[in-house]
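Biologist: Could you walk me through this structure, starting with the backbone and then moving on to the packing?

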Amino acid sequence: MNTDVLTLLADGAVERKSQEVTHWAERIGWVVGMILVIALVYWLMRQGWKWRATLQGDLPEPAPVPATADTPELTLTGRYHGSTAAGQWLERIVAHGLGTRSRVELSLTARGLTVLRPGARDFAIPREALRGARLDKGIAGKVVTEGGMLVITWQLGDRTLDSGFRADHPAEHPRWVTAVTQAAAAGPAAAHTTAHTGDSAVAGRHDREGAA
């Protein structure tokens, strides 16, 4: 009788050990499967990114940041959340690094906007390319609180883009909307006035030289 009990206990211990080993094998299989799925999703995302960049190959490069800095009218620090086709908050623009999210130092100067991005490509938006600004709640798949995204609309080649920024202090956004909207309204006219002023100055100098 004692022998039978010992045999049953031994068989039970072996069965429990077998079950434990089987469970570990199943768990390892699940982990490996999940890693493979994540790797596949990441690969598909990269391929989609490359395909989108290829489709946007006709988009010209943004203007470089000027070598000499102007005195800024406004500045902010925060995050750049990407660019999209104007009015299409999910149609992300990825060409020329415009799809890369990053920290940002944004400045509004007499020549336009300078967008400095640590770890990503800097670019500038000339004043004559500005089309306006507004407050929104998201861009390029990034959603924030209502009015928590500063969206600046600008022209790049034949396309009109929206670029989204979120300041470290979002209370600054309304000032930026006002300033950029005014700059957009005055930009082409100011450039036209400057051109005519320059032409008048050249003509006046020529008249003086002729009179002499």
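Modeller: In this predicted model, Ala-140 sits in the loop between β7 (138-139) and β8 (142-143), and its phi is near 50 degrees, a positive value in a residue other than glycine.

Biologist: Is Ala-140 buried or exposed?

Modeller: Ala-140 counts as buried, because its relative accessibility is 4% and the cut-off for buried is under 20%.

Biologist: And what is the phi of His-96?

Modeller: His-96, which is not a glycine either, has a positive phi of about 60 degrees, and it is found in the loop between β2 (92-93) and β3 (102-109). His-96 is partly exposed, with a relative accessible area of 24%.

Biologist: Why do those phi values deserve a mention?

Modeller: Because most residues other than glycine have a negative phi.

Biologist: Switching to aromatics, how many pairs are there?

Modeller: The structure holds three aromatic pairs. One of them joins Tyr-80 and Phe-123 in an edge-to-face arrangement, with 6.1 Å centre to centre and 70 degrees between the planes. Tyr-80 belongs to strand β1 (residues 74-85) and Phe-123 to strand β5 (residues 123-126), so this pair links distant parts of the chain, 43 residues apart.

Biologist: What else does Phe-123 pair with?

Modeller: Phe-123 also forms a stacked pair with Trp-154, at 5.8 Å centre to centre and with 20 degrees between the planes. Because Phe-123 lies in strand β5 and Trp-154 in strand β9 (residues 149-156), the pair ties together parts that are 31 residues apart in sequence. Phe-123 and Trp-154 are buried, as is Tyr-80, and one aromatic cluster is formed by Tyr-80, Phe-123, Trp-154 and Phe-165.

Biologist: OK, the core next: which residues have the most contacts inside the largest one?

Modeller: The largest nonpolar core has 30 residues, and those with the most contacts inside it are Leu-98, Leu-106, Leu-113, Leu-130, Ile-152, Phe-165 and Trp-176. Among the elements that give two or more residues to this core are β1, β4 (112-116), β6 (130-136), β10 (159-167) and α2 (173-211), and α2 gives the most, with six residues.

Biologist: Take Leu-113, then: what does it touch?

Modeller: Leaving aside residues up to four places away in sequence, Leu-113 touches Leu-106, Ser-107, Leu-108, Phe-123, Ala-124, Ile-125, Leu-130, Ile-152 and Trp-176.

Biologist: And which residues are in the second core?

Modeller: That separate core has five residues, including Ile-139, Val-144, Met-149 and Val-151.

Notes
Residues are numbered from 1 along each chain as its sequence is written. This is a predicted model: local features need pLDDT of at least 70, side-chain atom pairs count only at pLDDT 80 or more; totals for chains, interfaces and linings use all residues. Side-chain values use heavy atoms; hydrogens and water are left out. Rings of Phe, Tyr and Trp (its six-membered ring) pair if their centres lie within 6.5 Å; planes under 30 degrees apart count as stacked, over 60 as edge-to-face and the rest as tilted. Helices (H or I, at least four residues) and strands (E, at least two) are DSSP runs, numbered from the N terminus. Buried means under 20% relative accessible area, exposed over 50%, partly exposed in between (1.4 Å probe, protein chains only). A nonpolar core is a set of buried Ala, Val, Leu, Ile, Met, Phe, Trp, Tyr and Cys residues joined through side-chain atoms within 4.5 Å. Contact means heavy atoms within 4.5 Å.
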